[in-house]
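Here's a quick briefing on a few local features of this protein. Have the sequence and the model open side by side as you read.

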Amino acid sequence: MRARLPAWRGLYAILDVPHAGGLDPVTAVRGLVGVTEIGPESSPTIVQLRAKRADPAERVRLVRELAPVVRAAGGLLIVDDDVEAAMGADGVHLGQEDMAQRTGDRDWSALLAELRATAPRGFLIGLSTHNRGQVERAAALDVDYIGFGPIRRTGSKAAQEPAVGFDGLREACEISLHPVVAIGGLGADDALPCARAGAASAAMIGALVGVTEEEVRERAASLAAVFRHAIDAVGQPPSR
């Protein structure tokens, strides 16, 4: 069973802080969501802030600075792992290890229920998955989407799960009750394979890095348009 495509389908941009191109976070995010002549579909629908080296107070400050920029462009800001900082954004993305650390011996559903009760209306919750078992377990959880990968090995993480490839992505999309965000070593040439596998979105980090705001904007605009068109061409109508 494939989940219906969400309105935010397309490119899921991840802003890693510190920025690999040397840009400050606000400049980098302005580049990611900047509108170009390509049209209204030329920017990511979601930007995830990933600032693992920052302390909690710094992540809260970053959210305050970045959220207005992303929202003004019609996008959503998601925060990686930090639930407290994410309360000022549009959602949080949780990893398997983060969930295990937060819950201990408790059921994951209880933690998610508490999060739903305190989060703003429309708050998105994403969960990383890396294999069939995790995708199956996610079906019983109150999350809005799952990330699945890595499709290929990538340089963005020191410790990585085994690469799942597009066959693994296709299986995940077929069994998931939630929209699937593909992640891991993806580029423009992977738009159609991701879409044909059933992914609602494709997450990218390195391919969006540039040394100027203009370079980031050009990369993001091109990739956003390619992925959105590919997913719309082969996917289901978006859910409302």
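Helices here are DSSP runs of H or I with at least four residues, strands are E runs of at least two, and both are numbered from the N terminus. Keep in mind that this is a predicted model: local features need pLDDT of at least 70, side-chain atom pairs count only at pLDDT 80 or more, and totals for chains, interfaces and linings use all residues. Residues are numbered from 1 along each chain as its sequence is written, and side-chain values use heavy atoms, with hydrogens and water left out.

**Helix 4**
- Gln 96, Asp 98, Met 99 and Thr 103 are buried, meaning under 20% relative accessible area with a 1.4 Å probe, protein chains only.
- These four sit on the same side of helix 4, because they cover an arc of only 165 degrees around the axis (taken from the directions from the helix axis to the C-beta atoms).
- Over on the other side, Glu 97 and Gln 101 are exposed (over 50%).
- The cover over the buried residues includes strand 4 (91-94), helix 5 (108-118), strand 5 and helix 6.

**His 130**
- You'll find His 130 in the loop between strand 5 (124-129) and helix 6 (132-138).
- A polar atom of the His 130 side chain lies 2.9 Å from the backbone oxygen of Gly 149.
- Leaving aside residues up to four places away in sequence, His 130 touches Gln 96, Phe 148, Gly 149, Glu 161 and Val 164 (contact is heavy atoms within 4.5 Å).

Note on methods. Polar contact = N/O pair within 3.5 Å; in protein donor to acceptor, adjacent residues only side chain to side chain.
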